Amino acid sequence: MSHKFKVGQHVRQSTVGYADAKSVAGGLFEVVRLMPEDRTGEPSYRVKSAVGERAVREGELTLAS
């Protein structure tokens with residue numbers, strides 16, 4: 001499976017994985033690095049916002065319009 005998003009694209013996180021992420025849920029992120037697929041074959045990304053950086057799975061992201 002290949003990556004759906006590219007470095008530099010702006011995305012939104014559609015699901016929250018932990019309580020601290022509530023402040024940025026639905027917030028705007030920029031893709032800064034493509035990461036390898038996980039064990040299930042789903043691509044991952046390193047994304048950043050004004051708050052910081054995190055790793056997210058592709059299924060948790062949507063393209064920001």
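Start by selecting arginine 57 and aspartate 38: they form a salt bridge, with the closest N and O atoms 3.0 Å apart (the term needs a side-chain nitrogen of Lys or Arg within 4 Å of a carboxyl oxygen of Asp or Glu). The pair links distant parts of the chain, with arginine 57 in strand E4 and aspartate 38 in the loop between strand E2 (28-35) and E3, 19 residues apart. Strands here are DSSP runs of at least two residues marked E, numbered from the N terminus.

Before moving on: this is a predicted model, where local features need pLDDT of at least 70, side-chain atom pairs count only at pLDDT 80 or more, and totals for chains, interfaces and linings use all residues. Residues are numbered from 1 along each chain as its sequence is written, and side-chain values use heavy atoms, leaving out hydrogens and water.

Now colour by accessibility. Arginine 57 is partly exposed at 39% relative accessible area, and so is aspartate 38 at 22% (buried is under 20%, exposed over 50%, partly exposed in between, with a 1.4 Å probe and protein chains only).

Last stop: phenylalanine 5 and tyrosine 45. Their ring centres are 5.6 Å apart with planes at 65°, so the pair is edge-to-face (centres within 6.5 Å make a pair; planes under 30 degrees apart are stacked, over 60 edge-to-face, the rest tilted). Both phenylalanine 5 and tyrosine 45 are buried.

Key: Rings of Phe, Tyr and Trp (its six-membered ring) pair if their centres lie within 6.5 Å; planes under 30 degrees apart count as stacked, over 60 as edge-to-face and the rest as tilted. Helices (H or I, at least four residues) and strands (E, at least two) are DSSP runs, numbered from the N terminus.
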